[in-house]
Amino acid sequence: MLRALACALVLSVPLAAGAQTPRSISVQGEALIYVAPDEAVIEFGITTLAPDPAEAQRANDRRVAGALDALRQAGLDDEALQSDRLSIQPEYERPVIAANRRITGYRAARSVQVTLSDLDAFEATVQTVLAAGIDRFGGASFRTTALRAHRDSARAMALEAAREKATAMARQLDQAIGTPLSITEGTPRSPFARAGSIQNVVTTAGDLSGGAGPTVIGRIPVSASVSVTFELADP
């Protein structure tokens with residue numbers, strides 16, 4: 001039986017005599033814009049202690065259900081409420097002796113997240129959360145649902161900034177810029193817009209014993225960074 005063997009041959013074609021690599025100029029453009037948030041995420045947690053894990057779970061379920069009912073009565077629907085899985089951990093006597101640890105009870109914990117699209121109701125919702133008997137207030141984060149559109153705008157501004165920078169630098173050397181040879185999107189160097197999905201700075205609502213003070217909802221920074229290489233041309 002005959003087998004056909006296919007071979008791929010890669011040829012390297014040298015530049016013709018006298019040919020030169022195109023002269024180029026590489027620049028980086030950055031843009032930072034601030035947009036108004038249209039959504040808030042509030043996080044809180046509820047912890048319960050009991051002698052056995054089943055009772056710790058039942059107590060936690062009751063308190064979480066009460067907190068969720070209070071939020072529903074405040075006008076939030078189930079789509080805006082999300083709870084994490086229940087975590088149950090043993091509690092040990094103090095001080096803990098590794099050789100003979102004795103369990104004194106069980107700690108059940110669950111976190112709840114509230115997504116709020118009506119920012120005018122932010123303060124009232126925080127007050128409802130604080131009054132629901134929670135143990136931990138994780139703060140609130142603000143974000144925009146139009147993040148992609150704002151990033152597109154920032155990227156366009158960064159490209160224009162790169163073009164303006166290259167034009168100015170080339171003019172200083174009695175040159176002009178030609179066709180873009182390469183475009184690379186980079187990670188913004190702004191401290192306000194690190195790589196990742198976080199859109200804003202987290203704010204807290206004071207301690208759990210009293211009311212929350214007025215919360216100032218600021219702007220969300222959205223940034224973009226590009227590196228562009230232009231061909232240099234005679235003016």
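In the largest nonpolar core of this predicted model, there are 23 residues, and I42, F44, F122 and F137 are the ones that touch the most other members. Several elements give two or more residues to this core: the strands β2 (39-50), β5 (103-116) and β6 (136-143), together with the helices α1 (53-73) and α2 (122-130). There is also a second, separate core, which has 18 residues. Among its members are A31, A154, A166 and V226.

Let me stay with F122 for a moment. This residue counts as buried, at 4% relative accessibility. F142 is buried as well, with a relative accessible area of 5%. How many aromatic pairs does the model contain? The count comes to one. It is formed by the rings of F122 and F142, whose centres are 5.1 Å apart. F122 belongs to helix α2 and F142 to strand β6, so the pair ties together parts that are 20 residues apart in sequence.

I now turn to the sheet. Three strands form an open sheet, in the order β1-β8-β7, with antiparallel pairing. Which strands stand at its edges? They are β1 (24-35) and β7 (176-186); each has a single partner strand, so one side of each is left without a neighbour in the sheet. On average, neighbouring strands here are turned by 30° against each other, direction ignored. Between β1 and β8, the latter covering residues 220-233, the antiparallel pairing extends over 12 bridges. As one example, S24 has E231 in β8 as its bridge partner.

A helix packs on this sheet: α3, residues 147-172, which touches β1, β7 and β8. The direction of α3 makes about 140° with that of β1.

Finally, I would draw attention to the loop between α3 and β7, where D174 is placed. For context, most residues other than glycine have a negative phi. Is D174 buried or exposed? With a relative accessible area of 59%, D174 lies over the 50% limit and is therefore exposed.

Technical notes. Residues are numbered from 1 along each chain as its sequence is written. This is a predicted model: local features need pLDDT of at least 70, side-chain atom pairs count only at pLDDT 80 or more; totals for chains, interfaces and linings use all residues. Side-chain values use heavy atoms; hydrogens and water are left out. Two strands pair if DSSP finds at least two bridges between them. Helices (H or I, at least four residues) and strands (E, at least two) are DSSP runs, numbered from the N terminus. Axes are lines fitted to C-alpha atoms, for helices over the stretch in contact, and angles run from 0 to 180 degrees between N-to-C directions. Contact means heavy atoms within 4.5 Å. A nonpolar core is a set of buried Ala, Val, Leu, Ile, Met, Phe, Trp, Tyr and Cys residues joined through side-chain atoms within 4.5 Å. Buried means under 20% relative accessible area, exposed over 50%, partly exposed in between (1.4 Å probe, protein chains only). Rings of Phe, Tyr and Trp (its six-membered ring) pair if their centres lie within 6.5 Å; planes under 30 degrees apart count as stacked, over 60 as edge-to-face and the rest as tilted.
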